[in-house]
Amino acid sequence: MTTDTQRPRQGSDILRTALGRNLGAMTWGTVLMGLYQAGETAFPIALGLIVEHTLQNRSPGSLGLSIAALAVIITTVSLSWRFGMRVLQKANTTEAHRWRVRVAACGLQPVARDVDLKSGEVLTIATEDADQTADIIEVVPLLISSLVAVVVAAVALGLADLRLGLLVIAGTVAILSVLSVMSGRIGSSTREQQARVARAGAKVADLITGLRPLHGFGGNHAAFLSYRKVSTEARRQAVTVARVNGVYAGTALALNAVLAAAVTLTAGWLAFEGRITIGELVMAVGLAQFIMEPLKMFSEMPKYVMMARASAERMALVLTAPPVTTPGPERPATGGDLEIDDVTHGCLGGLRFRVRAGEFVAVTAYRPRAAADLASVLAMNTPPHAYEGAVRLGGQDLSGLSVEAVREHMLVNPYDGEIFAGTLRTNIDPSGTSATVAEAVEASMLTDVVALHREGLDHGVRDRGANLSGGQRQRLSLARALAADAEVLVLHDPTTAVDAVTEQLISRNIAKLRRGRTTVVLTSSPALLDAADRVLVLDDGVITAEDTHRNLLATDEAYCLAVAR
């Protein structure tokens, strides 16, 4: 996957990008929504003219012409709203999708980004924040079209009497001045709410992932209390935002009503003084009622602008974050060795060993954390600059290789491999290109799961494998790793959730299926250790012993105590 070299630098850049590439749709939307608002405003103007004309010329022809004019206005209002909103909402939806893809692409890149956000927070940014950022595409045309309605109303009232037109203009400016100050508070409150909701979502994701272990050692109550605290903070902030929004909406409605009442009363006073006609009075009263909608919309737009900006700033956190490491341009040689040269990281202290091409090697670590650190280094989850020493694949240092190329040659399958919603087949062969699916299913002893269901490999799997047992999920993950048929395969504790008999069969099957292919297993399983060509003992960060499993059992008491079951 390639990285986007022209990433937005901040939230304002994201908004400008969204506006720039939807300029055509926004132009059409503005024109159509402007026609809608102009038609809405023209309706009371037409009524005033009809009343004025009817009082002077009471003829059936004039009445028919007036009805036809009203029909044209109503048709214009209906069609312009329908097609205007269709254009804007299509552009909005498309733009939100584009940003979702951008954020998801950043999260799925082989090289992680240096951003202090959990996966649940990134998910919230890719969904809610992407949608709210794209709302700017609708906000701007609606803002302009509302301004059109206010201007048309001000001009029409000004033609009747200059004081009415000036009253509308002055009142609109005053309303926007008050609301612009309030919208700033909405923006800051919304940013905080989005951050807290994202943290709560991340906490939920963590709890779901670790639910079984939490139940195992009785930590589910403490975990619940931890989530409850985060969720309560998010709820309180949501209430604060709702309160601020309520005050904003109430203030906007009250100010709009005051302006409408002022226009109505002023028009009534002018009509009483004889300075405007009855038709102009009808027009003024009608406009005072109709102007409430565009004024309400006009006054709400600053709030949505602030919300879009807050969401764009959060997206910028992901899109502008630098990668944890800069991949090299080289590719490893085919069929090469795997060499760990004086690697120091975490529990590893000057670790050295070499796996020759085509060899099946098992590494047993007396400290589980050391195996996890080694798996992290080999998977490039720990970047080369974060540890001392070197890891070489095919004689080339990982720091000089592209991550995509490394993962094409070497697959590191974690002990907690993720299971996705779909089917058994799509979990084993996500790309649909593997030629060894049947062999992988058999080698991982997943055949009994396939045979249980009439659909076979097309049996449905729920998110995170919720309808599978722990052993079934582990075997499914192992089948996926074997089906990839990688040149170098690293398995981290692939059989901890299966019974001893199944473990014995899986060990033999892996050795048979991977014959001639480089395989490294990080495990303490006697069955896997026995199936390996040789066993490396990892103790205190270094390799302290090396031999076959049976020889080590016979000669190394510490090894015997560590792996014998």
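The report below covers confidence, a sheet and its helix, a hairpin, and selected residues.

**Basis and confidence**

This is a predicted model, in which local features need pLDDT of at least 70, side-chain atom pairs count only at pLDDT 80 or more, and totals for chains, interfaces and linings use all residues. Residues are numbered from 1 along each chain as its sequence is written, and side-chain values use heavy atoms, with hydrogens and water left out.

pLDDT is the predictor's confidence in each residue, from 0 to 100. The chain has a mean pLDDT of 82. A value of 70 or more is reached by 85% of its residues. Over residues 1-7, pLDDT stays under 50. The model has 13 contacts beyond four places in sequence for residues 1-7; contact means heavy atoms within 4.5 Å. Where pLDDT is low, the predicted coordinates should not be read in detail.

Helices (H or I, at least four residues) and strands (E, at least two) are DSSP runs, numbered from the N terminus. Two strands pair if DSSP finds at least two bridges between them. Strands of a sheet pair through backbone hydrogen bonds, either parallel or antiparallel.

Here, 4 strands form an open sheet with antiparallel pairing, in the order E2-E1-E4-E5. Strand E2 (348-355) and strand E5 (396-397) are the edge strands, and each pairs on one side only. Helix H11 (residues 368-378) packs on the sheet and touches E1, E2 and E4. The direction of H11 makes about 65° with that of E2. Axes are lines fitted to C-alpha atoms, for helices over the stretch in contact, and angles run from 0 to 180 degrees between N-to-C directions.

Inside the sheet, strand E1 (residues 338-345) pairs with strand E4 (residues 388-393) over 5 bridges, in the antiparallel sense. Leu 338 stands opposite Leu 393 in E4.

How many of the residues of H11 are buried? The count is 8 of 11, and H11 is mostly covered. Buried means under 20% relative accessible area, exposed over 50%, and partly exposed in between (1.4 Å probe, protein chains only). Among the buried residues of H11 are Ala 370, Asp 373, Leu 374 and Val 377. Met 380 follows H11 and has a positive phi, near 65°.

**A hairpin**

Strand E11 (residues 534-539) and strand E12 (residues 542-547) pair over 5 bridges, again in the antiparallel sense. Asp 539 has Val 542 in E12 as its bridge partner. The hairpin of E11 and E12 has 2 residues between the strands. Asp 540 in this hairpin takes a positive phi near 55°.

**Two buried polar residues**

Gln 472 sits in helix H16 (residues 470-483). Gln 472 counts as buried because its relative accessibility is 15%. A polar atom of the Gln 472 side chain lies 2.9 Å from the backbone nitrogen of Ser 469. Beyond neighbours within four places in sequence, Gln 472 is in contact with Leu 446, Val 449 and Leu 452.

Thr 495 lies in the loop between strand E9 (488-492) and helix H17 (500-513). Thr 495 has a relative accessible area of 2%, so Thr 495 is buried. Neighbours within four places in sequence aside, Thr 495 is in contact with Gln 474, Glu 503, Ile 506, Ser 525 and Leu 528.

**Positive phi in loops**

Met 445 is not a glycine, yet its phi is positive, about 60°. Met 445 lies in the loop between helix H14 (437-443) and helix H15 (447-451). Asp 493 is not a glycine either, and its positive phi is about 45°. Asp 493 is found in the loop between E9 and H17.

| Residue | Relative accessible area | Class |
|---|---|---|
| Met 445 | 21% | Met 445: partly exposed |
| Asp 493 | 23% | Asp 493: partly exposed |
| Leu 176 | 26% | Leu 176: partly exposed |
| Cys 106 | 8% | Cys 106: buried |
| Cys 560 | 28% | Cys 560: partly exposed |

**Cysteines and a leucine pair**

How many disulfides does the structure hold? The count is 0, where a disulfide is a pair of cysteine sulfur atoms within 2.5 Å.

Leu 176 is part of helix H6 (residues 162-209). Leu 176 and Leu 295 are 119 residues apart in sequence. In space, their C-alpha atoms are 9.5 Å apart.

Technical notes
A polar contact is a pair of N or O atoms within 3.5 Å; within protein, one must be able to donate a hydrogen and the other to accept it, and residues adjacent in sequence count only if both atoms are side-chain atoms.
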